[in-house]
Structures are given as structure tokens and as C-alpha cells.
Amino acid sequence: MAPLGRAALLLAFGLVAYALVAGSYAAWKRRRRLALSAQNALLAAFPVTLIAVVVLVVALGRRDMTFVYVWQHTSHRLPLGYALAFWGGQEGSLLLWLLVLTGYGGLAVWLNRRSRELIAWTVPVFGLVGVFFAFMLCFVSSPFHLQPAPLDGRGMDPSLQNPYMLAHPPLLYLGYVGLTVPFAFAMGALLSGRTDERWIVATRRWTLAAWMFLGVGQLVGAHWAYVEIGWGGYYAWDPVENAALMPWLAATAFLHSVMIQEKRGMLKVWNMVLVALAFNLSLFGTFLTRSGVIDSIHSFSRSPIGGWFLAFLGLMVFVSVALIRWRLPLLRTKTKLESLVSREATFLYNNLLLVALSLTILWGVLYPIVSDALRGETRSVSKPYYDFFLHTFGLPLLLLMGLGPLVAWRRASLRSLGKTFVAPFAAAVVTGVALLALGFGSSWPGLLAYTFGAFVAASILLEFVRGRAAAGGVRRLVSRNRRRYGGYVVHAAVVLLAIGIAGSSAYQTTRERVLRPGQSIHAAGYTLTYVTSTGVRGPNYTGFRALVDVRRGGSHIATLNPGMNDYNIEGPHNEASIYHDPRSIGDVFTTAQLVNKQGAVDLKVFVKPLINLIWVAGFVFVAGSLIAMWPDAVEQRRLAARYAAGAVPAGL
Amino acid sequence: MGWGLALAAVVAVVAVVFVARPFVREPSPASDELDELAPEARERLALAEERDRALAALKELEFDHRTGKISDEDYRAQVSPLRRRAAEVLRALERGEEGPHERVPGQGERVP
């Protein structure tokens, strides 16, 4: 089995290396058959990588402990579903990168194969990224190392033994790796000199899909952390979490600014910079999570892959900057911003805020690493730093989401702005005043988030109402501009997210007490009574559960079972128990630890209002993204005609 | 171990055949030149993009006006330059279609 896996990886390495070398030579010397051959090599790399994946999955399923990777990440008692998740360790996650990369690359190239001039240079860029990951898997961090079989494996970290673990990493990787597609096409456009909109048209949906997966992956990860880790939160500004947020923010900026290029022919350089930034941040994210650099600079220096990753990241940043600089004359445009009060200007402000937020998060991640490397001091950047910049950049961003749709393209007069702003402005003022009167002034960021949220919601509603009247129905309205109205649905998701985050963090209640059976704790109108505790037994753990009666206004509303699992191999792990209250769209979140043999428990209670809006936002976000991505037959015909007429190749 | 390596060899052969396919299918083609846009085709493409932008801007302006986002006064001030621009681009495209299409010779190819 292992030799087949190793051979498949070596073959994949050979294929992507051929796509890089032969593809570059073919594009340079303009050799058609060689370019097609390089394209075929990229296409073949996917099924070959898939063979390596199948070998690893079979070994994991059979708990073949002769594979070091299987021994490191499974045990005989680990449930099969978790064992089969081959991305649980470093080597497996690199293999997932390569699999998704070759799959995406092959499909994107195949779908755009008619645009040969652009594709000829895009194939080697995919090849270059593929060569790095295949090289790592073949020569630095192989999942196919063998050993004499031990009796049992080391098992899997208890926090990974959760159904979310089956969805979260693949979703994130579909996003991370998906950002390679716009990057490869953008660099292909620069190399070929085809800096027209062809590369944008080719990658529009790919970028949206990658962005959607990255966004959903983060939300799934946040929910996983919330239900599994047991600290009552869902986002801790952990470097691993930030690693996914940074490229998502850069991609969000790109999705907005690329519209200005399509509508006004402006910002060609800026769009190239954003595509390169998003891709390099996704590489940096993988580097962060896989190099050990987060733990300390010393574990990074011992990591077999850290140095390689850093060198490749440096190379890709250099290549991106060099290519953009080289093609600057082709990217310069004559069109200028006509007014600072226009739709494109609001997009520009949104871009600046998104990039500023992304870069401040990057600095927060880098600062401990830099201070460790330069001064030998371990300094951490904590929540107040991130919260400050989230409020500084995030709240104006939220406000801009409401302002943007109300402003016309090119320029808008203050008179017409005044007319369109009346209703959303009134909604925001009424909401803000009402919340102040209800005592929500205890948190200014929370109050502003709610007020701005009301402004955005009202402006979206207004857009739909006025648009429906002009277009003659919502369906016609959405179908005539799916990207715009899909975008508004995504904006609605962000409003829900902002309200959920503000409610569950700025207005949460926390209580903790040691309770004996029969004793109670009160929190935000809920009374939680500890009744008793019982033992539990699972396939690979034993543990206990506290029985907690939850009442509101004297009426029983739920029974919760917080406790702890003691895994046979992996050790103890907290098990939270949560009541979802439909009245507050919030949660009563509990954890419990046994304190003594008499059965006393340390019960911790978090009452988190509106938190479930965050998860609802995920569904709305996907719906909006799908609307924006949905193929538009009229648009496709128009683009086909444009490239058929304009792209008549030489000699035809 | 034996069957694994045998299977790997079969996969490798299939992959090599697939990669070599363009050369096998066309052992001696009339031209092995990669398609390239001629300069005037690039110009026409830029004009087509400009045309689509101008027409989309007009459509957008109409819609913004109908939904009350733009006042009558602003609409009148903006619509004429946009229409003029769209007409200019359309005329330029028509001129390009009427003119001769020049071909960029491939590398090593003799210009007739």
C-alpha cells in the first residue's frame, strides 16, 4: 500500500513539475502542442493525487499502524468517521492542499481552455504552487513513512473528535486553495500581457466560491469551538483563526474592487495587488498552522516544513510584486474617480478599511513571532488589541454597507442623497434611541453595531422595495442583476452576524459557583439548579454528567448535562451543555467540573443573547453567495460574443 | 508491495500517454504556433469591453433614476456624456470591423 501512495505522490510531483517547466517553455516559445501537453499534465495530477489519498484513507480505515501517520493520529477504538478524516495531521492536510489544488486547477484550466493565450501562462503558475506542495509531500513531510507496527496508536485530540472536524478543515481548504485560482489567472494575465478583463471573467465565480467556502469554514469552526472547547466563546483571535480571517478580508476587498474595474475600467493595479495579497495570506495561513511558529520560534526552527514554507512564501511574494511592477504600463488606466461621493468611492473606502483590518490582524499575529525572534521575549497580542481595531475599522465598514447601495455610480448630489437617506437614517435613529432607553448604553460598540445594523437593514430593504417597483417584481429584479442582489443578501448576513456578535459578547452574563446537589445559581433571569451527577461511558472514554434543571420565571424550560469525558488515550476533556432559547435567540451555556467525592460541581453559566443569529447568518451568507454566483444566461451570451468577436486569434 | 508498484507503473504509463497525447494526435501539424491576439484584435477587445461598460453604465443610470437614487437634474447631466461615449465606441468598433484584419506572423514563419 505505502509504495503505491509514495509512487502516486512522486508521479504527481513529476506531473506538476512538467506543467511548470514545459508549460513555461511552451508559453514563452509559443509552442501549441507543448502547452496542451503541460495542460494535460496538470489535469492528470488530480486523479494521481487522488490515488495517494485513497491509499492513506484505506490505511486509516484499517488502522494500519505500520503507517507512522496512522499511528500518530488514530487508535483502534477511535470511531471510523474520525479515523477516515485524513486531514487531521500535518502530512494529511498538505495532501488535502495538493488534492484541492490539482482538482481546482485542472477544472479551471479545462473550463477556460479556449482562451489559450491566457491559459498557456496560467498552467505554469498552478504548476509552481503544485510543485511546492508535492515536493513537501514527497521529500519533507510524507504521510507514507513506515515503521514496525505498535499495538495501538496515539489517538486523536479529544477536541477534534467532533462531527465539525469532518467539515471545518475541508471547507477552509476549499477556500484557502480556491484563492489560488484567481491568483494563477491574474499572474497568467500579467505574464501573457492579457491584462484585459478576460482573467476576471474566467475567475469571477471561482473567487466567489473560494470566498464563500472560507467564510462558511470559519463559521463552522467558530461553532465547533463554541460547542466543543467549553470556554463559552466562539472566536478567541487565536492565530489559527486569524489565519483564515486575513485572506477572507482581502478577498472581500477584491470582490468589491473588481466591480469597479468591470464597471469603470479602474483599479487594475489595485486588483492585482489584492489577488496576490489574498493568495499569499492563504499561504501564510497554512504556514502559521503547520510550521509550529505559533508555539514558539524554537519549535518553528525544529519544524521540518517551516523553513520551506517561509522560503516559498517569500518567493511567491517576490514573484507577485515583480510581475505587477513589470506590467505596470499595461495596468495603468485613464479613467479617474469622478467624485468622492459615488458608489465607486464607497467601494474604495470599504477596500481601505478591509485591507487595514486585515493588515492590523497580520501585525497582531506577527508581533509575538518577531519579538521572540529578535529579542527572545515571548509577547502576546491579546483581545483588547484586536477588539480595538475591530471597532475602529469594523463599525465604519458596517455603516458603509448601508451607505454604498444608496449612492449612485459616478457621482451623486447631496440633494438626492438626502432623499434616499431619510428612511434608513430614521430607522437607525429610532433603533439607537430605543436601545439607549432600554439600557443598552452599557456598551457603546454594541449600541453602535445595533444602530448601524438597523441602518444597513433599512437600506437593503429600501433597495429591494424600490427596485421591485422599477423592475416589476422581486424575481425579475434579482435575475437582472444577481451579483448586486446576492450581494445585498450577503450584507444582510453580515448585519445578522454583527448583531449576534454584539449581543453575545457586549451583553453576555457570566456566573460561576461551586454547587452541592439541590443548590441553585441565578443568571440573567434564569435559575439553574444542580440536581445530581451520573457516570457515562463511550466507545473510547468514561466520564460524568451533571444534571442541571433550568427555569425561567419559575417554569421548567430545559434540563442540561454539562460534564467531562476522560478519554482512554488522549486524556480529560470538557463537555459543554447548551440550551437554545427561542425567546432571546440566545443560549444558556454551561460547563461543569467535579470538585469532590461528595458530588459538588463547579458550575459555570454564560447567558449569551442573540448568539444564534451568528449561525443563522451562515445560512443567509451561503444563500446570498449562491444567488451572486448563479449563472446568468444573458450575461454569458454577452461575454461569449465579446470574446468571440474580440479574441479572433491571429491566423483565423 | 508487488501489486502496489505494478499498479503505480500502470498509472504512470496512462499519465505519460495522456501528457503525450497532443504530440501523438498531431505528429506533424501544419502549424504548432500558440494562438495569439493580433494587436488590432486586442484593440477591438478593449473597445468591446469599453462598449459593454458604457452600455451597462447607461442601464445602471436609467435604473438609478427610476428608483429615485438620481435626481432628474443629475440624470440629464450624466446621460448625454454616457450616450456620447457609447456611440463613439460603437462607431470605432464598426470601423474596425469594416477594416482589414491583419495577422501577426508566428515565430519563424515567413510573412507572405
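## Helices H20 and H21 of chain A

In this predicted model, helix H20 (residues 482-506) of chain A packs against helix H21 (residues 612-629) of chain A at an angle of about 170 degrees, and their axes are 7 Å apart; axes here are lines fitted to C-alpha atoms, for helices over the stretch in contact, with angles running from 0 to 180 degrees between N-to-C directions. H20(A) and H21(A) are therefore roughly antiparallel to each other, on a scale where angles under 35 degrees count as roughly parallel, over 145 as roughly antiparallel, 65 to 115 as roughly perpendicular and the rest as oblique. The contact of H20(A) with H21(A) comprises 18 nonpolar, five polar and two charged residues (Ala, Val, Leu, Ile, Met, Phe, Trp, Tyr, Cys and Pro count as nonpolar, Asp, Glu, Lys and Arg as charged, and the others, Gly among them, as polar).

Helices (H or I, at least four residues) and strands (E, at least two) are DSSP runs numbered from the N terminus. Residues are numbered from 1 along each chain as its sequence is written, while chains are lettered from A and ligands numbered from 1 in the order in which they are written. Because the model is predicted, local features need pLDDT of at least 70 and side-chain atom pairs count only at pLDDT 80 or more, whereas totals for chains, interfaces and linings use all residues.

## Two further helix pairs

Helix H10 (residues 239-264) and helix H11 (residues 268-291) of chain A pack at about 165 degrees with their axes 8 Å apart, and H10(A) and H11(A) are therefore roughly antiparallel to each other. The crossing of H10(A) with H11(A) is left-handed, a term used if the near helix is turned anticlockwise from the far one by less than a right angle, with right-handed for clockwise. The residues of this contact are 18 nonpolar, six polar and one charged.

Helix H2 (residues 32-61) and helix H6 (residues 116-140) of chain A meet at an angle of about 45 degrees, with their axes 10 Å apart, and H2(A) and H6(A) are therefore oblique to each other. Their crossing is left-handed. Among the contact residues are Ala35(A) and Leu42(A) of H2(A) and Val123(A) and Phe126(A) of H6(A), and by class the contact has eight nonpolar, three polar and one charged residues.

## Strands of chain A

An open sheet of four strands, in the order S1-S10-S9-S8 of chain A, has antiparallel pairing; strands pair if DSSP finds at least two bridges between them. Strand S1 (509-515) and strand S8 (577-581) are the edge strands, each pairing on one side only. S8(A) pairs with strand S9 (residues 586-594) over five bridges, and Tyr579(A) has Val588(A) as its bridge partner in S9(A).

Strand S2 (residues 520-523) and strand S3 (residues 526-537) of chain A pair in the antiparallel sense over four bridges, with His522(A) opposite Thr527(A) of S3(A). S2(A) and S3(A) form a hairpin with two residues between them, and Ala524(A) in the turn has a positive phi of about 50 degrees.

## Domains and the contact between chains

The domain assignment of chain A, which is automatic or from a database, gives domain 1 (1-161), domain 2 (393-507 + 612-622) and domain 3 (509-608). The centres of domain 1 and domain 2 of chain A, taken over C-alpha atoms, are separated by 43 Å.

Between the chains, 47 residues of chain B are in contact with 49 residues of chain A, contact requiring C-beta atoms, placed from the backbone, to lie within 7 Å. H2(B) gives the most to the side of chain B that touches chain A, with 14 residues.

Conventions
Two residues are in contact if their C-beta atoms, placed from the backbone, lie within 7 Å.
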